[in-house]
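Trainee: I would like to learn how to read this model step by step. Could we begin with a helix and then turn to the contact between chains?

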2 protein chains.
Amino acid sequence: MYEVEVKVPADLERVRARLDDVGATPTGSVVQEDTYYDAPHRSFSATDEALRIRTERSETGDGGTHITYKGPLVDDESKTREEVETAVGDAEKMDAVLTNLGFEAAATVRKERERFALDEYTITLDSVDDVGEYVEVETEVADERALESAREGAYDVLERLGLDPDDQLRTSYLELLLEA
Amino acid sequence: MYEVEVKVPADLERVRARLDDVGATPTGSVVQEDTYYDAPHRSFSATDEALRIRTERSETGDGGTHITYKGPLVDDESKTREEVETAVGDAEKMDAVLTNLGFEAAATVRKERERFALDEYTITLDSVDDVGEYVEVETEVADERALESAREGAYDVLERLGLDPDDQLRTSYLELLLEA
(Lines give C-alpha, C1' and ligand atoms only; values in the text may rest on other atoms or scores of the structure.)
Protein backbone atom coordinates (compact mmCIF):
# COMPACT_ATOMS: atom_id res chain seq x y z
CA MET A 1 0.00 0.00 0.00
CA TYR A 2 1.38 3.42 -0.96
CA GLU A 3 0.30 6.59 0.79
CA VAL A 4 -0.03 9.86 -1.11
CA GLU A 5 0.15 12.79 1.28
CA VAL A 6 0.36 16.49 0.44
CA LYS A 7 0.72 19.05 3.20
CA VAL A 8 0.55 22.86 3.11
CA PRO A 9 0.62 25.54 5.83
CA ALA A 10 -2.85 27.02 6.25
CA ASP A 11 -5.10 29.28 8.28
CA LEU A 12 -7.45 26.63 9.65
CA GLU A 13 -10.32 29.09 10.29
CA ARG A 14 -10.40 29.96 6.58
CA VAL A 15 -10.21 26.33 5.47
CA ARG A 16 -13.03 25.31 7.82
CA ALA A 17 -15.28 27.91 6.16
CA ARG A 18 -14.75 26.28 2.74
CA LEU A 19 -14.99 22.63 3.69
CA ASP A 20 -18.78 22.62 3.69
CA ASP A 21 -18.89 24.34 0.26
CA VAL A 22 -16.80 21.59 -1.37
CA GLY A 23 -18.98 18.87 0.15
CA ALA A 24 -16.45 17.45 2.64
CA THR A 25 -17.89 15.36 5.49
CA PRO A 26 -16.49 15.69 9.03
CA THR A 27 -15.33 12.26 10.31
CA GLY A 28 -14.09 13.18 13.78
CA SER A 29 -11.24 14.75 15.64
CA VAL A 30 -8.40 13.27 17.66
CA VAL A 31 -5.43 14.27 19.75
CA GLN A 32 -2.27 12.42 18.73
CA GLU A 33 0.95 12.14 20.66
CA ASP A 34 3.75 10.72 18.51
CA THR A 35 7.11 9.67 19.89
CA TYR A 36 9.85 9.21 17.30
CA TYR A 37 12.89 7.05 17.88
CA ASP A 38 16.51 7.16 16.85
CA ALA A 39 18.05 3.82 15.88
CA PRO A 40 21.25 2.47 17.42
CA HIS A 41 22.63 1.12 14.14
CA ARG A 42 21.80 3.71 11.51
CA SER A 43 20.77 7.34 11.20
CA PHE A 44 17.08 7.58 10.28
CA SER A 45 17.62 11.17 9.17
CA ALA A 46 20.25 9.92 6.70
CA THR A 47 18.23 6.89 5.52
CA ASP A 48 14.97 8.88 5.54
CA GLU A 49 13.15 6.31 7.66
CA ALA A 50 11.08 6.77 10.81
CA LEU A 51 9.97 4.64 13.74
CA ARG A 52 7.09 5.97 15.77
CA ILE A 53 4.79 5.07 18.66
CA ARG A 54 1.49 6.94 18.33
CA THR A 55 -1.08 7.27 21.11
CA GLU A 56 -4.42 8.63 19.93
CA ARG A 57 -7.47 9.85 21.85
CA SER A 58 -10.70 10.77 20.08
CA GLU A 59 -13.35 13.21 21.32
CA THR A 60 -15.44 10.21 22.41
CA GLY A 61 -12.60 9.06 24.66
CA ASP A 62 -11.70 6.12 22.42
CA GLY A 63 -8.05 5.66 21.74
CA GLY A 64 -5.29 3.33 20.95
CA THR A 65 -1.60 2.94 20.45
CA HIS A 66 0.16 1.96 17.23
CA ILE A 67 3.73 1.34 16.18
CA THR A 68 4.66 2.52 12.70
CA TYR A 69 7.66 2.08 10.45
CA LYS A 70 7.98 4.56 7.59
CA GLY A 71 10.35 3.74 4.75
CA PRO A 72 12.27 6.23 2.61
CA LEU A 73 10.42 8.39 0.06
CA VAL A 74 9.69 6.46 -3.12
CA ASP A 75 8.46 9.57 -4.93
CA ASP A 76 10.05 13.03 -4.83
CA GLU A 77 7.02 15.00 -5.99
CA SER A 78 4.88 14.20 -2.99
CA LYS A 79 5.55 12.68 0.41
CA THR A 80 5.02 9.10 -0.70
CA ARG A 81 6.55 6.32 1.34
CA GLU A 82 5.83 2.76 2.34
CA GLU A 83 4.26 2.41 5.78
CA VAL A 84 3.81 -0.57 8.08
CA GLU A 85 1.65 -0.16 11.16
CA THR A 86 0.07 -2.35 13.82
CA ALA A 87 -1.73 -1.80 17.11
CA VAL A 88 0.13 -2.32 20.37
CA GLY A 89 -1.46 -2.90 23.78
CA ASP A 90 0.67 -0.63 25.96
CA ALA A 91 2.66 2.40 24.82
CA GLU A 92 5.01 2.41 27.81
CA LYS A 93 5.89 -1.26 27.38
CA MET A 94 6.47 -0.89 23.65
CA ASP A 95 8.73 2.06 24.50
CA ALA A 96 10.58 -0.17 26.99
CA VAL A 97 11.08 -2.90 24.35
CA LEU A 98 12.55 -0.36 21.90
CA THR A 99 14.69 1.32 24.57
CA ASN A 100 16.10 -2.02 25.70
CA LEU A 101 17.02 -2.75 22.06
CA GLY A 102 18.99 0.50 21.92
CA PHE A 103 16.44 2.77 20.24
CA GLU A 104 16.10 6.20 21.84
CA ALA A 105 13.07 8.49 22.01
CA ALA A 106 14.15 11.57 20.03
CA ALA A 107 11.11 13.87 20.21
CA THR A 108 7.37 13.87 20.84
CA VAL A 109 4.98 15.66 18.47
CA ARG A 110 1.51 16.53 19.88
CA LYS A 111 -1.28 17.69 17.63
CA GLU A 112 -5.04 18.07 17.34
CA ARG A 113 -6.43 16.71 14.08
CA GLU A 114 -9.85 17.33 12.54
CA ARG A 115 -10.64 14.94 9.72
CA PHE A 116 -12.96 15.25 6.73
CA ALA A 117 -13.75 12.87 3.88
CA LEU A 118 -14.02 14.02 0.25
CA ASP A 119 -14.32 11.30 -2.39
CA GLU A 120 -11.37 8.94 -1.88
CA TYR A 121 -9.38 11.66 -0.02
CA THR A 122 -8.95 12.39 3.65
CA ILE A 123 -8.52 16.07 4.51
CA THR A 124 -6.89 16.70 7.87
CA LEU A 125 -6.70 20.04 9.68
CA ASP A 126 -3.70 19.85 12.00
CA SER A 127 -2.91 22.17 14.88
CA VAL A 128 0.57 21.11 15.99
CA ASP A 129 1.96 22.17 19.38
CA ASP A 130 4.95 24.53 18.97
CA VAL A 131 4.84 24.11 15.17
CA GLY A 132 1.69 25.67 13.65
CA GLU A 133 -1.39 24.97 11.51
CA TYR A 134 -1.38 22.75 8.41
CA VAL A 135 -3.76 20.98 6.05
CA GLU A 136 -2.95 17.49 4.79
CA VAL A 137 -4.71 15.79 1.89
CA GLU A 138 -4.04 12.09 1.61
CA THR A 139 -5.16 8.85 0.06
CA GLU A 140 -3.82 5.33 -0.43
CA VAL A 141 -3.22 3.37 -3.63
CA ALA A 142 -2.38 -0.31 -3.92
CA ASP A 143 -0.27 0.06 -7.04
CA GLU A 144 2.72 2.35 -7.58
CA ARG A 145 1.43 3.16 -11.10
CA ALA A 146 -1.65 4.86 -9.60
CA LEU A 147 0.48 7.33 -7.61
CA GLU A 148 0.57 10.15 -10.16
CA SER A 149 -3.17 10.44 -10.73
CA ALA A 150 -3.78 10.19 -6.97
CA ARG A 151 -1.35 13.06 -6.42
CA GLU A 152 -3.03 15.21 -9.07
CA GLY A 153 -6.33 14.59 -7.33
CA ALA A 154 -4.85 15.71 -4.00
CA TYR A 155 -3.63 18.96 -5.59
CA ASP A 156 -7.14 19.54 -6.94
CA VAL A 157 -8.62 19.11 -3.45
CA LEU A 158 -6.18 21.69 -2.08
CA GLU A 159 -7.16 24.20 -4.78
CA ARG A 160 -10.85 23.73 -4.04
CA LEU A 161 -10.05 24.60 -0.40
CA GLY A 162 -8.36 27.84 -1.49
CA LEU A 163 -4.89 26.45 -0.88
CA ASP A 164 -1.91 26.44 -3.25
CA PRO A 165 -0.26 23.06 -4.01
CA ASP A 166 2.96 24.99 -4.66
CA ASP A 167 3.11 25.73 -0.91
CA GLN A 168 3.60 22.00 -0.42
CA LEU A 169 5.93 21.21 2.44
CA ARG A 170 7.89 17.96 2.48
CA THR A 171 9.23 18.61 5.94
CA SER A 172 7.70 16.39 8.62
CA TYR A 173 6.18 17.79 11.81
CA LEU A 174 9.04 16.12 13.64
CA GLU A 175 11.59 18.04 11.56
CA LEU A 176 9.59 21.27 11.93
CA LEU A 177 9.51 20.77 15.70
CA LEU A 178 13.25 20.07 15.87
CA GLU A 179 13.90 23.23 13.77
CA ALA A 180 11.51 25.39 15.87
CA MET B 1 8.93 -7.53 37.70
CA TYR B 2 11.36 -10.48 37.89
CA GLU B 3 10.49 -13.90 36.58
CA VAL B 4 11.75 -17.04 38.28
CA GLU B 5 11.64 -19.97 35.89
CA VAL B 6 13.04 -23.46 36.42
CA LYS B 7 12.89 -26.02 33.63
CA VAL B 8 13.68 -29.74 33.62
CA PRO B 9 13.30 -32.48 30.98
CA ALA B 10 10.40 -34.76 31.92
CA ASP B 11 8.15 -37.61 30.89
CA LEU B 12 4.88 -35.67 30.70
CA GLU B 13 2.67 -38.77 31.18
CA ARG B 14 4.29 -39.43 34.56
CA VAL B 15 4.04 -35.79 35.66
CA ARG B 16 0.35 -35.60 34.68
CA ALA B 17 -0.35 -38.55 36.98
CA ARG B 18 1.11 -36.67 39.99
CA LEU B 19 -0.38 -33.23 39.36
CA ASP B 20 -3.72 -34.12 40.90
CA ASP B 21 -2.03 -35.61 44.00
CA VAL B 22 -0.18 -32.36 44.76
CA GLY B 23 -3.37 -30.32 44.36
CA ALA B 24 -2.47 -28.49 41.12
CA THR B 25 -5.38 -26.97 39.19
CA PRO B 26 -5.48 -27.14 35.37
CA THR B 27 -5.79 -23.65 33.89
CA GLY B 28 -5.87 -24.42 30.18
CA SER B 29 -3.71 -25.39 27.26
CA VAL B 30 -2.37 -23.39 24.33
CA VAL B 31 -0.35 -23.76 21.17
CA GLN B 32 2.43 -21.17 20.92
CA GLU B 33 4.44 -20.24 17.87
CA ASP B 34 7.43 -18.09 18.76
CA THR B 35 9.60 -16.35 16.21
CA TYR B 36 12.94 -15.13 17.49
CA TYR B 37 14.88 -12.33 15.84
CA ASP B 38 18.53 -11.52 15.32
CA ALA B 39 19.49 -7.87 15.75
CA PRO B 40 21.40 -5.89 13.13
CA HIS B 41 23.62 -4.08 15.65
CA ARG B 42 24.53 -6.66 18.26
CA SER B 43 24.60 -10.42 18.78
CA PHE B 44 21.77 -11.47 21.08
CA SER B 45 23.55 -14.77 21.71
CA ALA B 46 26.57 -12.79 22.97
CA THR B 47 24.53 -10.28 25.00
CA ASP B 48 22.11 -12.98 26.21
CA GLU B 49 19.04 -11.03 25.11
CA ALA B 50 16.05 -12.12 23.04
CA LEU B 51 13.40 -10.48 20.92
CA ARG B 52 10.34 -12.55 20.15
CA ILE B 53 6.94 -12.38 18.48
CA ARG B 54 4.60 -14.96 20.03
CA THR B 55 1.29 -16.03 18.50
CA GLU B 56 -0.87 -18.08 20.87
CA ARG B 57 -4.04 -20.09 20.30
CA SER B 58 -5.98 -21.65 23.16
CA GLU B 59 -8.24 -24.69 23.00
CA THR B 60 -11.22 -22.31 23.00
CA GLY B 61 -9.90 -20.65 19.87
CA ASP B 62 -8.90 -17.47 21.67
CA GLY B 63 -5.50 -16.16 20.84
CA GLY B 64 -3.30 -13.20 20.54
CA THR B 65 0.07 -11.92 19.51
CA HIS B 66 2.67 -10.38 21.80
CA ILE B 67 6.10 -8.87 21.35
CA THR B 68 8.60 -9.61 24.10
CA TYR B 69 12.06 -8.38 24.98
CA LYS B 70 14.08 -10.53 27.35
CA GLY B 71 17.11 -9.03 29.02
CA PRO B 72 20.27 -10.87 30.10
CA LEU B 73 20.15 -13.27 33.07
CA VAL B 74 20.32 -11.40 36.36
CA ASP B 75 20.68 -14.60 38.39
CA ASP B 76 22.87 -17.57 37.50
CA GLU B 77 21.13 -20.13 39.68
CA SER B 78 17.83 -20.05 37.83
CA LYS B 79 16.71 -18.59 34.52
CA THR B 80 15.83 -15.18 35.93
CA ARG B 81 15.73 -12.23 33.56
CA GLU B 82 13.84 -9.00 33.09
CA GLU B 83 11.00 -9.25 30.58
CA VAL B 84 8.98 -6.58 28.80
CA GLU B 85 5.92 -7.65 26.84
CA THR B 86 2.95 -6.04 25.15
CA ALA B 87 0.16 -7.17 22.85
CA VAL B 88 0.38 -6.40 19.12
CA GLY B 89 -2.53 -6.39 16.69
CA ASP B 90 -0.98 -8.18 13.73
CA ALA B 91 1.96 -10.61 13.83
CA GLU B 92 2.86 -10.19 10.15
CA LYS B 93 2.92 -6.40 10.36
CA MET B 94 5.02 -6.44 13.53
CA ASP B 95 7.38 -8.81 11.69
CA ALA B 96 7.50 -6.33 8.78
CA VAL B 97 8.34 -3.44 11.15
CA LEU B 98 11.22 -5.43 12.66
CA THR B 99 12.45 -6.70 9.28
CA ASN B 100 12.45 -3.17 7.84
CA LEU B 101 14.54 -2.06 10.84
CA GLY B 102 17.12 -4.74 10.01
CA PHE B 103 16.08 -7.46 12.45
CA GLU B 104 15.95 -10.97 10.96
CA ALA B 105 13.74 -13.92 11.91
CA ALA B 106 16.22 -16.54 13.14
CA ALA B 107 14.00 -19.50 14.09
CA THR B 108 10.45 -20.44 15.05
CA VAL B 109 9.70 -22.60 18.08
CA ARG B 110 6.29 -24.33 18.18
CA LYS B 111 4.99 -25.99 21.31
CA GLU B 112 1.88 -27.23 23.06
CA ARG B 113 1.63 -26.06 26.66
CA GLU B 114 -0.64 -27.38 29.42
CA ARG B 115 -0.76 -25.08 32.42
CA PHE B 116 -1.54 -25.77 36.07
CA ALA B 117 -1.67 -23.50 39.10
CA LEU B 118 -0.19 -24.46 42.47
CA ASP B 119 -0.06 -21.74 45.14
CA GLU B 120 1.80 -18.79 43.56
CA TYR B 121 3.47 -21.05 40.98
CA THR B 122 2.55 -21.86 37.41
CA ILE B 123 3.47 -25.39 36.30
CA THR B 124 3.72 -25.80 32.53
CA LEU B 125 3.96 -29.10 30.65
CA ASP B 126 5.64 -28.33 27.33
CA SER B 127 5.74 -30.56 24.28
CA VAL B 128 8.13 -28.78 21.90
CA ASP B 129 8.25 -29.69 18.19
CA ASP B 130 11.62 -31.24 17.26
CA VAL B 131 12.94 -30.65 20.80
CA GLY B 132 11.13 -32.80 23.39
CA GLU B 133 9.10 -32.74 26.62
CA TYR B 134 9.82 -30.40 29.54
CA VAL B 135 8.24 -29.11 32.73
CA GLU B 136 8.62 -25.47 33.74
CA VAL B 137 7.81 -24.05 37.15
CA GLU B 138 7.62 -20.30 37.31
CA THR B 139 6.49 -17.33 39.33
CA GLU B 140 7.02 -13.58 39.39
CA VAL B 141 8.36 -11.37 42.15
CA ALA B 142 8.33 -7.59 42.27
CA ASP B 143 11.53 -7.29 44.26
CA GLU B 144 14.94 -8.75 43.47
CA ARG B 145 15.40 -9.65 47.16
CA ALA B 146 12.48 -12.11 46.94
CA LEU B 147 14.17 -14.12 44.17
CA GLU B 148 15.94 -16.68 46.34
CA SER B 149 12.93 -17.82 48.33
CA ALA B 150 10.83 -17.93 45.13
CA ARG B 151 13.46 -20.16 43.52
CA GLU B 152 13.55 -22.48 46.55
CA GLY B 153 9.78 -22.76 46.29
CA ALA B 154 10.03 -23.68 42.61
CA TYR B 155 12.54 -26.46 43.45
CA ASP B 156 10.10 -27.75 46.06
CA VAL B 157 7.28 -27.88 43.48
CA LEU B 158 9.52 -29.90 41.13
CA GLU B 159 10.33 -32.41 43.90
CA ARG B 160 6.66 -32.84 44.72
CA LEU B 161 6.12 -33.73 41.04
CA GLY B 162 8.84 -36.41 41.21
CA LEU B 163 11.34 -34.29 39.31
CA ASP B 164 14.90 -33.42 40.28
CA PRO B 165 15.84 -29.70 40.47
CA ASP B 166 19.43 -30.79 39.68
CA ASP B 167 18.24 -31.68 36.16
CA GLN B 168 17.58 -27.98 35.66
CA LEU B 169 18.31 -26.84 32.16
CA ARG B 170 19.23 -23.21 31.47
CA THR B 171 19.21 -23.73 27.72
CA SER B 172 16.25 -22.10 25.98
CA TYR B 173 13.96 -24.01 23.61
CA LEU B 174 15.37 -21.82 20.86
CA GLU B 175 18.92 -22.96 21.65
CA LEU B 176 17.77 -26.58 21.98
CA LEU B 177 16.07 -26.33 18.58
CA LEU B 178 19.13 -24.76 16.94
CA GLU B 179 21.29 -27.56 18.46
CA ALA B 180 18.86 -30.32 17.40
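Trainee: Which residue caps the N-terminal end of α3(A)?

Mentor: Please keep in mind that this is a predicted model. The cap is D90(A), which places a side-chain oxygen 3.0 Å from the backbone nitrogen of E92(A). Beyond the helix comes G102(A), whose phi is positive, near 105 degrees.

Trainee: Which residues of helix α3 of chain A are buried?

Mentor: In this helix, which covers residues 91-100, the buried residues are M94(A), V97(A) and L98(A). Seen down the axis of α3(A), the buried residues fall within an arc of 95 degrees, so they line one face of the helix.

Trainee: How much area do chain B and chain A bury between them?

Mentor: The size of an interface is often given as the accessible area lost when the parts come together. Here chain B and chain A bury about 1,800 Å² between them, and 73% of that area lies on carbon and sulfur atoms. The side of chain B that touches chain A draws two or more residues from each of β4 (63-75), β5 (80-88) and α3 (91-100) of chain B, and its residues divide into 13 nonpolar, 5 polar and 5 charged.

Trainee: How many residues does each chain give to the contact, and how many salt bridges are counted between chain B and chain A?

Mentor: The contact takes 23 residues from chain A and 23 residues from chain B, while the count of salt bridges between the two chains is 0. Polar contacts are found across the interface, however, in 12 residue pairs with both residues at pLDDT 80 or more.

Technical notes:
Residues numbered from 1 in each chain as written. Chains lettered and ligands numbered in written order. Predicted model: local features only at pLDDT ≥ 70, side-chain atom pairs only at ≥ 80, totals over all residues. Heavy atoms only, no water. Contact = heavy atoms within 4.5 Å. Buried area = accessible area lost by both parts, 1.4 Å probe. Salt bridge = Lys/Arg side-chain N within 4 Å of Asp/Glu carboxyl O. Polar contact = N/O pair within 3.5 Å; in protein donor to acceptor, adjacent residues only side chain to side chain. Helix = DSSP H or I, 4+ residues; strand = E, 2+ residues; numbered from the N terminus. Nonpolar A, V, L, I, M, F, W, Y, C, P; charged D, E, K, R; others polar. Buried < 20%, exposed > 50% of the residue type's maximum accessible area, 1.4 Å probe, protein only. Arc of directions from axis to C-beta.
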